[in-house]
Amino acid sequence: MSKDIDKRDGVQEEEQYSLNDDRRVKVLSPGRLVAKRFFRNRLAVVGLTMLIIMFLFSFVGGWIVPYSEDQFFYTMESQKKEYAGVTENTEYRYLITPDQELPTLVRANLGLVLGKDDVFQYKGANYYIEAVGEELYQITDDGGTLLALAYKDIINPTQSGASLSYEFSYNALMTYAQGGGSFQADGKDYDMTEHGVITENGQDVADVGRIIVQSRISGRSIPQTFKDRVAQAIENGETEFTLTVDGQEREYTMTYDPAKLIYSVMEDTPTQVYDKYAAPSRTHLLGTEGNGMDVLTRLMYGGRVSLIIGFIVIIIETSIGVVMGGISGYFGSWVDNLIMRIVDIFYCIPSMPLMIILGSAMDAMRVDPQIRMLYLMLLLGFLGWPGIARLVRGQILSLREQEFMTATEATGLSVKRRIFCHLIPNVIPQLIVNMTMGLGSIILTEATLSYLGLGVKFPFASWGNIINEVNNSYVLTEYLWVWIPAGICLLVTVLGFNFVGDGLRDAFDPKMKR
């Protein structure tokens, strides 16, 4: 030790170092030493930063974002919907007088002579034909009794399903043949326009014409202006026309089906639909996906599900593996042999085909999505413990022969305390490294199952079933914002866990330089 002479007193004194002297040798605790080694590893720090960002994105982001996980978004879109079916009557129909008969065969043959002959004979009976309007004929017998009216103009009641009496139909047809006017039927007064619209006290009752227009929308009546415009379009051979209905100008498209002899009228109707595959905007920063949901929100909630499943599965694996490996390594002998044969059996189980089969079975049974996630975590954890059991067993086989275990036996500690209080803690560094690196693999497995439709189900989100939205090449190439962000989240998270796992492995290695 150095010496110094006090010039004032001339006394020789020894100078001693205090505990706070900077020149003394610093000794770090094992925990601080591991942390120091870890933070010296740049890749490990990068991985830790990546994981912190992903955890904040998944768990904190879900509280900040204004939307919910299962919230749908809609937009107004003009769609062509079938508005009406239109047929043009070209065959004669018959209005038979009450208490009179006109045999079916007579009606079938009358159609061939109407407009050509005045008399038609059938089985010795004479039927006299008199034209009373354009393609409107009266059929009488030898005594001049009116048997029926033959006509092509159809009477369409305004109210669907309403029945029309014989008197009303007869007078309506006769009035229409005369170019319109007034008529009486069933004790009521009716007015008819030249276009065949029949009204009672200003209210539409029916219309007469050869064009039959039937609404394709239940409970919706067809306005007369539409019927007139359709008739004009058919006469002029038009396939498209516009018409103002309820104060709005609308576009209509007509197509003709020759097999059914019917015109189908399609209307451009503003319709509220899911806002599918909307491009990124201020409202939706990453756009929307195929169900009209916000991609950014689904990514945040999907991160929660993927990370939670990863942690729960690794906890299940580690719990089973530590118990089985600890017992196997400590007792050895036949116990070790039995447990290792169980491990071998689990290694032989085809895990992916088994999960596919169980996933298909749960689809068939329509298992609730929450219960399905629980089954998924239990299955992954139950199939993944053998590797951890072998790791723990190998470490304990070497540790149980050391002096501190002889001391635990000499002090009379129970087997349970020897294993879980003295052996297992010495394996924790290796377990931490194994768990950290295994998390990435579990997240990828869950993503694969969800992508195949066998993992997390709608409406819950995970990064795997978000990528599952890309189910055809068009979506794959045209809507990149739907699947690329989920792939990036998976890449960053798994890479972060691998970097951290590598850093911990190097930090726990006693051969690393200080």
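I take helices (H or I, at least four residues) and strands (E, at least two) as DSSP runs, numbered from the N terminus. The model is predicted: local features need pLDDT of at least 70, side-chain atom pairs count only at pLDDT 80 or more, and totals for chains, interfaces and linings use all residues. Residues are numbered from 1 along each chain as its sequence is written, and side-chain values use heavy atoms, with hydrogens and water left out.

**Entry: two loop residues**

I looked up Asn201 in the loop between β12 (197-200) and β13 (203-209). Asn201 is not a glycine, yet its phi is positive, about 55°. I find Asn201 exposed, at 74% relative accessible area. Here exposed means over 50%, buried under 20%, and partly exposed in between (1.4 Å probe, protein chains only).

Next I went to the loop between β17 (262-274) and α6, where Tyr277 lies. Tyr277 also is no glycine and has a positive phi, about 50°. Tyr277 counts as buried, with 19% relative accessibility.

**Entry: a helix pair**

I then turned to α6 (residues 295-331) and α15 (residues 480-508), which pack at an angle of about 35° with axes 11 Å apart. Axes are lines fitted to C-alpha atoms, for helices over the stretch in contact, and angles run from 0 to 180 degrees between N-to-C directions.

I listed the contacts (heavy atoms within 4.5 Å). From α6 come Val295, Leu299, Leu307 and Phe311; their partners in α15 include Trp481, Pro485, Cys489 and Phe497.
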